[in-house]
Amino acid sequence: MTLVVKGAVHRNSYRDSVELMGIAAQLEQLDGIQRAGLVMATPANLAVLAEAGLAEAAVGQAATLLAAGTGDADGQPETRTATTLGEGLAELPDANLVLVSTPGTYASAEALRALKRGLNVFLFSDNVPIEDEIQLKALAERKGLLVMGPDCGTAIVGGVPLGFANAVRRGPIGLVGASGTGLQQVTSLIHRFGSGVSHAFGTGGRDLDERVGGTTMLAAIRLLLADPGTAVIVLISKPPSAAVAARILDAIRSSPKPVVVNFLGGDAAAVEAVGAHPAPTFESAARLAVALAGGTSVPANVDDVVSVMRDPQLTARAEEAAARLAPGQGEIRGLYSGGSLAGEAKIVLGAVLGTKRHDRIVELGDDEYTVGRPHPMIDPRLRNEHIVAAAAEATVGVILLDVVLGYGSHPDPADALAPAIADAMARAVSAGRHLLVVASVCGTDLDPQGLERQEQILAQTGVLLESSNARAAMLAACIAAIAERTPAVEPLVGAVD
C-alpha cells in the first residue's frame with residue numbers, strides 16, 4: 001500500500017476543537033483517506049501531525065470546509081462577529097457567564113479575564129495546569145462566582161445547556177457533578193421519570209481532588225440551597241479524597257433541603273450519618289431525587305445490585321441470551337464513550353461477578369484514545385473499530401455499550417454504530433458462535449437525535465437494550481454469570497467452519 005503524506009498550514013486562523021474534529025471526520029470519509037487531523041499548531045499537536053498521513057484531496061477539502069467556517073458538511077457558513085471577550089460583552093452586556101473553549105495554554109488567561117469582569121465561567125478546555133485551576137477557583141470564591149471546570153463537559157444553567165448536555169424539562173431538582181456523563185445520565189432519567197431540573201452545575205473532574213478542595217462543588221451547593229426553584233439537591237462524583245468528602249458532607253449536614261449523594265463506590269454510611277440519601281448508581285440517584293421532589297415515599301434499596309438481580313424480567317432476559325453463548329464465552333467487553341458511565345459499569349460488574357475475571361471496560365473518550373481524533377460521542381468510528389475487533393475474541397460473549405444523546409453529540413449515533421454491530425455479530429456467526437450486544441441510551445425524547453428512534457435502530461440491529469447504564473451492566477453481568485455455568489449450547493445454524 002502506498003502512503004501519501006500531505007500537510008497544509010492555515011496561518012492566523014483559530015477554530016474550536018469540536019469544529020476541527022467535525023471536519024476531520026468528514027475528510028476520513030473520502031476515498032483513500034484512512035486518517036485525517038486538523039489541529040491548532042500547539043507543540044503537542046505538531047507532534048501528532050508529524051505521524052499523520054494526509055492526502056492532497058483531503059487537504060483541499062479541509063481548506064474548503066475551514067473557509068466555510070463549519071464542521072458540518074451540510075451546514076450554513078458561520079456568521080462570525082465577536083472575536084474577544086470585550087466584543088462579546090458589548091453585544092451581550094447583561095451576560096453573566098462565559099464559556100471558554102480554547103487550547104489549555106490560553107484557557108486560564110481567558111477565564112481570568114472573565115472572572116475579573118464579574119462573570120461566571122464554564123471552562124470546557126482541558127490541559128489546564130492544576131495550579132491554574134486552584135488560583136482561578138480561589139478568585140471565583142472571593143468574588144462570589146462559579147468556575148465550572150476545567151475539562152467541564154456538561155452543565156445546564158437556568159435551562160440553558162452547555163457543552164454536552166441533554167434536553168430536559170425545568171423542574172425542582174438541582175445537581176452538582178464532577179462527572180459529565182454522570183450528570184447527563186441522572187438529568188435524563190429525572191426527565192424520563194417525570195420530573196425536571198432547575199440547574200445542573202459541572203465542576204470539572206479534579207474539583208474533588210484534595211489539592212483543589214471541592215471549591216466549585218461547595219459553591220454550587222450554596223447556590224442551590226439559596227435557589228427558591230430548587231427543592232432537592234443531587235451530588236455526583238467518583239469517590240473524592242477522604243478530606244474533601246468530609247468537607248462536602250459537612251456542608252450538607254444541616255441542609256434544609258433533601259440531598260442525594262452519588263459518589264460512585266463511596267461510603268454510604270458516611271452519607272447517612274449527615275442525614276443525606278446515598279445512591280449506589282446514577283439511576284438510583286434519579287429515582288430518589290424524583291421521589292423526594294414529589295413528596296412520595298423513598299423506595300428502599302432502589303436500584304441496588306441485589307434488588308435488580310432479583311428482577312424476574314431481567315433474569316429471564318439473561319437466561320434466554322446466555323443460552324446462545326458457547327462454553328468459555330463468558331467475558332464482557334465494555335466499549336464506552338463516557339468515563340463515569342464506564343466507572344459505574346465496572347462497579348456493577350465487580351459487585352455481581354467479582355474482580356478475578358478477564359472482563360475489560362474501556363473508556364474510549366480517554367486522552368489515550370482521542371489524541372488527534374474526535375471524541376467517540378462526536379464520532380463513533382474509533383468505537384466501531386473496537387466493536388469489530390472484539391468479534392475476533394473467542395472468549396467474549398457480550399459487548400457492553402453506552403449511547404449518549406444530546407447537544408454536541410453525534411447527530412445519529414445509533415445509525416452510525418449499527419453497521420459495526422451487525423458486522424461484529426456476523427463475524428462471530430461465521431466463526432461458529434454468537435456475540436451479544438447490550439446497551440443503554442442516555443437521552444430524552446426532547447433530544448435532537450430522538451430517544452425512541454435511537455433505541456429502535458439499536459433494537460432492530462439485535463441489541464439488547466436496558467433503560468439505564470446500571471441496568472445494562474447488570475444484564476451483561478447476569479448473562480456472563482449464567483453462561484459460565486452453562487455446560488453447552490445448541491450449535492449455530494449455518495455456521496461456517
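This is a predicted model: local features need pLDDT of at least 70, side-chain atom pairs count only at pLDDT 80 or more; totals for chains, interfaces and linings use all residues.
Three strands form an open sheet in the order E1-E2-E3, and their pairing is parallel. Strand E1 (97-100) and strand E3 (147-148) are at the edges; each has a single partner strand, so one side of each is left without a neighbour in the sheet. Strand E2 (residues 120-123) is joined to E3 by two bridges in the parallel sense, and Val121 stands opposite Val147 in E3. Helix H5 (residues 104-116) lies across E1, E2 and E3, and its direction makes about 160 degrees with that of E2.

A second open sheet contains five strands, again with parallel pairing, in the order E12-E11-E13-E14-E15. Its edge strands are E12 and strand E15 (464-466), each of which pairs on one side only. From one strand to the next, the twist averages 20 degrees. E11 and E12 run parallel and are joined by four bridges; Gly334 stands opposite Ile361 in E12. Helix H17 (residues 413-430) touches E13 and E14, and its direction makes about 175 degrees with that of E13. Helix H13 (residues 312-322) lies across strand E14 (436-442) and E15, running at about 160 degrees to E15.

Attention now turns to helix H14. Two packed helices are described by the angle between their axes and the distance between the axes. Helix H14 (residues 339-353) packs with helix H19 (residues 469-484) at an angle of about 35 degrees, and their axes are 9 Å apart. The crossing of H14 and H19 is right-handed. Residues of H14 that make the contact include Leu341, Ala345, Val348 and Leu349, while those of H19 include Ala470, Ala473, Met474 and Ala477. Sorted by class, this contact has 12 nonpolar residues, one polar residue and one charged residue.

The length of H14 can be checked by simple reasoning. At 1.5 Å a residue, its 15 residues should span 21 Å; the end C-alpha atoms of H14 are 21 Å apart, which agrees.

Which residues of H14 are buried? They are Gly339, Ser340, Leu341, Ala342, Glu344, Ala345, Val348, Leu349 and Leu353. The elements that cover these buried residues include helix H7 (180-192), helix H11 (282-294), strand E11 (331-336), strand E12 (360-363), strand E13 (396-404) and H19. After H14 comes Gly354, whose phi is positive, near 85 degrees.

Note on methods. Residues are numbered from 1 along each chain as its sequence is written. Side-chain values use heavy atoms; hydrogens and water are left out. Axes are lines fitted to C-alpha atoms, for helices over the stretch in contact, and angles run from 0 to 180 degrees between N-to-C directions. A crossing is left-handed if the near helix is turned anticlockwise from the far one by less than a right angle, and right-handed if clockwise. Contact means heavy atoms within 4.5 Å. Ala, Val, Leu, Ile, Met, Phe, Trp, Tyr, Cys and Pro count as nonpolar, Asp, Glu, Lys and Arg as charged, and the others, Gly among them, as polar. The expected span of a helix is 1.5 Å times one less than its number of residues. Buried means under 20% relative accessible area, exposed over 50%, partly exposed in between (1.4 Å probe, protein chains only). Two strands pair if DSSP finds at least two bridges between them.
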